[in-house]
Amino acid sequence: MKITDIYKKKDRTLSFEIFPPKKDADLENIDETLEVLTELNPDFISVTFGAGGSVNRNRTIELAKKIKNEYHVEPVVHLTCLHYNKEEIDSFASEMKAEGIENVLALRGDRSPNIQEKDDFKYSSDLIEYLKPKYDFCLLGACYPECHPESDGRVEEIKALKKKVDAGAEILLSQLFFDNNVFFNFCEDCKIADIDVPIVPGVMPVINAAQIKRMISMCNATFPERFQKIIDRYENNKAALFDAGMSYALSQIIDLLVSDIPGIHLYTMNNPLVARRICEGIRNIV
């Protein structure tokens, strides 16, 4: 089922993001995580995609097949384009189509000094524009409430996002953020620009200080003062940071849910305990 069809049936979605294991042998062990996640009745699970030259791209499709065929949840395959040409993209798309995978999150992909960039696709909007007439996918796009790290500013960011939607992106999933006002202001800017597709906020609970700092540097997210105090106080206390971080994420999600958003996309970091704790906390208000 396409994610757009899910939105025709319900006003709000719950979704998770996971990543493929680095080793083929560990792909079997992902079942423990998937069993917990699927018990929580997500509307879809997105699977990240390896960079160019990485075997993780093949594990992505294998994991998506497992989610769809064994757990009967719709997968969303992340597909990057910066390091691939049209022939390679067609190969991935044809494989997904053959496996009945209908939902693709089209991304540019991160730059890497170790991987050569190719010339066919410069932006994710180029990938969307290429896929739209050739394949019957539901195409999702990413958005940055606090601007992409390479952005020239909010105006250019919104213009690029508008181009992505005009090219065929039907749903937007946001990168992580820790201040809901940032997300709400971003959504207002999108409305002004006539971006009228669902914008689903992405939330990452803090459970590991080093990990979250790394993600923030990649995604350009800022620390609110209240969040910074949690990091400063509990950075060296793993158990306390987990509990405080989960409480912060729950308060953030509850505030989002009462503000008429189209869903919650949870960055699980392959930790089923995180997803379970969040879902238990919002069970009566979703």
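Biologist: Quick one to start: does Cys-219 count as buried or exposed?

Modeller: This is a predicted model, and in it Cys-219 counts as buried because its relative accessibility is 6%, while the cut-off for buried is under 20%.

Biologist: Okay, and where is Cys-219 found?

Modeller: In helix H8, which covers residues 209-219.

Biologist: What does Cys-219 touch, leaving out residues up to four places away in sequence?

Modeller: Tyr-144, Cys-147, Pro-149, Gln-175 and Leu-176.

Biologist: Another cysteine in there! How many residues apart in sequence are Cys-219 and Cys-147?

Modeller: They're 72 residues apart along the chain, yet 8.3 Å apart in space, going C-alpha to C-alpha.

Biologist: Switching topic: what do the strands close into?

Modeller: A barrel of eight strands, in the order S1-S2-S3-S4-S5-S6-S7-S8, with parallel pairing. On average, neighbouring strands of this sheet are turned by 25 degrees against each other, ignoring direction.

Biologist: Zoom in on S3 and S4 for me. Over how many bridges do they pair?

Modeller: Five, with S3 being residues 74-80 and S4 being 103-107. Val-77 sits opposite Val-104 of S4.

Biologist: And which strands does helix H6 lie across?

Modeller: S5 and S6; helix H6 runs at about 175 degrees to S5.

Definitions and conventions
Residues numbered from 1 in each chain as written. Predicted model: local features only at pLDDT ≥ 70, side-chain atom pairs only at ≥ 80, totals over all residues. Heavy atoms only, no water. Pairing = 2+ DSSP bridges. Helix = DSSP H or I, 4+ residues; strand = E, 2+ residues; numbered from the N terminus. Axes fitted to C-alpha atoms, helices over the stretch in contact; angles between N-to-C directions. Contact = heavy atoms within 4.5 Å. Buried < 20%, exposed > 50% of the residue type's maximum accessible area, 1.4 Å probe, protein only.
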